[in-house]
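Please read the points below alongside the sequence and the model.

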Amino acid sequence: MLLSLCLTESCSELNINSHKRKGSIGSPNQVKKPRKAEVNYCPDYPMGETKETLENQRITLLSEVTKRNNEQVIKGLMDRTFALRRHEVVEHSPFIAEFKNRWPALFTEREVSAEFSRITTIPLVSKFMGQLDHFSSQLLKNFKKKGVAAQKITDILSVLEQSITIEKKRECILKALVVYLNEDPSNLVKEYMDTEHDEAQILMSKTTLGVYAIKHEGADVADPYEDVGVIIEGIQVLENLDNVANACSMMVGLIYALNLAYPQDLRYTFEMFQKIFMELDATKLSNKVQVLKNKLLS
């Protein structure tokens, strides 16, 4: 679909790339984001719509998002204004705080999932959780063979010996996966105590991208968190996500929705999320992820 669009003279993506080469876009971040197998990277405006008519619908959204039980109206407006949002994030790379003020309806679990599907045509949460669960037994088998990182992985997985929920099991496997890939799970999930609210807020304000998880003082390692959410550019963009695995899936959705680059210190983890769990651009893998994929399929 995108290829056929780009063969036309008015293709939005060609125009964007042309502008970038000329240096005409004054964005906060001039680094061109790598493509991540998006089907609808930057679509043209719908037939009969212009930037001005879509902007009017965006303004209507600001009012609709304040009303209760209004999900279907919001979804319809978000569907219709999709192209306008994509032009904004791709052409201008706006700061997150600014974009959140312009598009508050996007920053919910429902709409992050919907936006990811608009961009990739793939369901976000069900695909992420399904693949994570599918590979869990093989991942656990390979974790036991991980040399110098074995002790750290063992410590993370020790909670599995208790009676825990599927959500906590997924969290442990994700953290162990990060270690297996020689990355630091504390770069993915930032854990704080509920008694250290002020300190936690300061630390979260300095976080570029990550999941935060608030623990209740005295809570057991297997107990649920008080709150789980996603931080981007120091802004808590999502909260009350219930568990870490769900927050990780939401972070994948937000990276696509906001056209963000993967953090370098978690590049293999996010490559796993994208190419193994979500099966997007799955034929082009780094050596490290390719080796693990081969083990998972053997």
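1. The model is predicted. Its pLDDT averages 88 over the protein, and 88% of the residues score at least 70.

2. Two stretches call for caution. Over residues 1-11 the pLDDT stays under 50, and the model has 16 contacts beyond four places in sequence for them. Residues 16-27 also have a pLDDT that stays under 50, with 15 contacts beyond four places in sequence. Where pLDDT is low, the predicted coordinates should not be read in detail.

3. The sheet is open and has 4 strands, in the order β1-β2-β3-β4, with mixed pairing. Strands β1 (189-193) and β4 stand at its edges; each has a single partner strand, so one side of each is left without a neighbour in the sheet. On average, neighbouring strands of this sheet are turned by 40 degrees against each other, direction ignored.

4. Both senses of pairing can be followed strand by strand. Strand β3 (residues 227-232) pairs with β4 in the antiparallel sense over 3 bridges, and I231 stands opposite Q236 in β4. Helix α12 (residues 197-205) packs on the sheet and touches β1, β2 (209-215), β3 and β4; the direction of α12 makes about 160 degrees with that of β1. Helix α13 also packs on the sheet, touching β1, β2, β3 and β4, and its direction makes about 25 degrees with that of β3.

5. Strands β1 and β2 pair in the parallel sense over 5 bridges. The bridge partner of K190 is Y212 in β2.

6. Does helix α7 lie mostly covered or uncovered? Helix α7 is mostly covered, with 9 of its 12 residues buried. The buried residues of α7 are E111, V112, S113, A114, E115, F116, R118, I119 and T120. They pack against α4 (71-80), α5 (82-92), α8 (124-143), β4 (235-238) and α13 (244-257).

7. The length of α7 (residues 109-120) can be checked against expectation. At 1.5 Å a residue, its 12 residues should span 16 Å, and the end C-alpha atoms are 17 Å apart, which agrees. Just after α7, T121 takes a positive phi of about 70 degrees.

Technical notes
Residues are numbered from 1 along each chain as its sequence is written. This is a predicted model: local features need pLDDT of at least 70, side-chain atom pairs count only at pLDDT 80 or more; totals for chains, interfaces and linings use all residues. Side-chain values use heavy atoms; hydrogens and water are left out. Helices (H or I, at least four residues) and strands (E, at least two) are DSSP runs, numbered from the N terminus. The expected span of a helix is 1.5 Å times one less than its number of residues. Buried means under 20% relative accessible area, exposed over 50%, partly exposed in between (1.4 Å probe, protein chains only). Contact means heavy atoms within 4.5 Å. Two strands pair if DSSP finds at least two bridges between them. Axes are lines fitted to C-alpha atoms, for helices over the stretch in contact, and angles run from 0 to 180 degrees between N-to-C directions. pLDDT is the predictor's confidence in each residue, from 0 to 100.
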